[in-house]
Amino acid sequence: MTDFQTMPRSAQSVASKVIGGLILVGVCVWFLPSVLVLVIGMAPTIVAFFTDRRKEKYAAFCVGAMNLLGVLPVALGMWTRDHSMDSALRNVTNVFNWFLMYGAASLGWGLYAVTPAIVAFVLRMQIERRITKMQSYQRELIDEWGEGVTEGTKTAEDKAAAAAAAAVDAENEK
């Protein structure tokens, strides 16, 4: 067995993190122009990640996907032409690239803001359609079996009226 396998699990975890960190730093230094463009361009995603209080981080996913779509053309242009710090600084200081990267992120924020309303609308339409179907089926049953089928049942309006009347009676007794 090697020394790494005989180490306690916590020491293995620390060693793995140190090695992973060193590899990450090496990659970042090697690809520094790309890292510069990605960090500056993906800033809205980083902000969304830290400001989203939900455990699922829906804002970070939504903003991040759109933000990546805005940063990708800038990064791809740099990768295919000139991958240097000069090119990265030119791309970062270009106003149109800022508009592309941050404009896409703003579309992600808009999508994040509008999606709950769209989902609520669709669910409401499905529920209303289901209620209409059930009411139609109920009418068919009454037509087939007669009004005796509904005896002993109260509608929601009847229950609400009875509860309101009971509350008024209780208030009057005080």
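The questions and answers below go from the whole chain to single residues.

Tutor: This is a predicted model, in which local features need pLDDT of at least 70 and side-chain atom pairs count only at pLDDT 80 or more, while totals for chains, interfaces and linings use all residues. Residues are numbered from 1 along each chain as its sequence is written, and side-chain values use heavy atoms, with hydrogens and water left out.

Student: How many helices and strands are there in the protein chain?
Tutor: Helices (H or I, at least four residues) and strands (E, at least two) are DSSP runs, numbered from the N terminus. Along the sequence the pattern reads α-α-α-α-α-α-α-α. The counts are eight helices and zero strands.

Student: What share of the residues in the protein chain is buried?
Tutor: Buried means under 20% relative accessible area, exposed over 50%, and partly exposed in between (1.4 Å probe, protein chains only). The protein chain has 174 residues, and the buried share of them is 19%.

Student: At what angle do α3 and α4 pack?
Tutor: Two packed helices are described by the angle between their axes and the distance between the axes. Axes are lines fitted to C-alpha atoms, for helices over the stretch in contact, and angles run from 0 to 180 degrees between N-to-C directions. Helix α3 covers residues 32–41 and helix α4 residues 43–51; their axes lie 4 Å apart, and the angle is about 50 degrees.

Student: Which word describes how α3 and α4 lie to each other?
Tutor: Angles under 35 degrees count as roughly parallel, over 145 as roughly antiparallel, 65 to 115 as roughly perpendicular and the rest as oblique. The angle here is about 50 degrees, so α3 and α4 are oblique.

Student: Which residues make the contact of α3 with α4?
Tutor: Contact means heavy atoms within 4.5 Å. From α3 come Val 39, Ile 40 and Gly 41, and from α4 come Ala 43, Pro 44 and Ile 46.

Student: Are α4 and α7 roughly parallel or roughly antiparallel to each other?
Tutor: The axes of α4 and α7 are 9 Å apart, at an angle of about 30 degrees. In α4, Ala 43, Pro 44, Ala 48 and Thr 51 meet Tyr 102, Ala 105 and Trp 109 of α7. By their angle, α4 and α7 are therefore roughly parallel.

Student: How many salt bridges are there in the whole structure?
Tutor: A salt bridge is a side-chain nitrogen of Lys or Arg within 4 Å of a carboxyl oxygen of Asp or Glu. One of them joins Asp 86 and Arg 90 (2.9 Å, N to O), which both lie in helix α6 (residues 85–93), four residues apart. Glu 128 and Arg 124 also meet in a salt bridge (3.1 Å, N to O). The search finds two.

Student: How far apart in helix α7 are Glu 128 and Arg 124?
Tutor: Helix α7 spans residues 95–145 and holds both residues. Glu 128 is partly exposed, with a relative accessible area of 34%. Glu 128 and Arg 124 are four residues apart, about one helical turn.

Student: Is Asn 91 buried or exposed?
Tutor: Asn 91 is in helix α6. Leaving aside neighbours within four places in sequence, Asn 91 is in contact with Val 74, Met 78 and Asn 97. Its relative accessibility is 17%, so Asn 91 counts as buried.

Student: What separates the C-alpha atoms of Asn 97 and Gly 70?
Tutor: Asn 97 is in helix α7 and counts as buried, at 12% relative accessibility. Asn 97 and Gly 70 are 27 residues apart along the chain, and their C-alpha atoms are separated by 8.4 Å.
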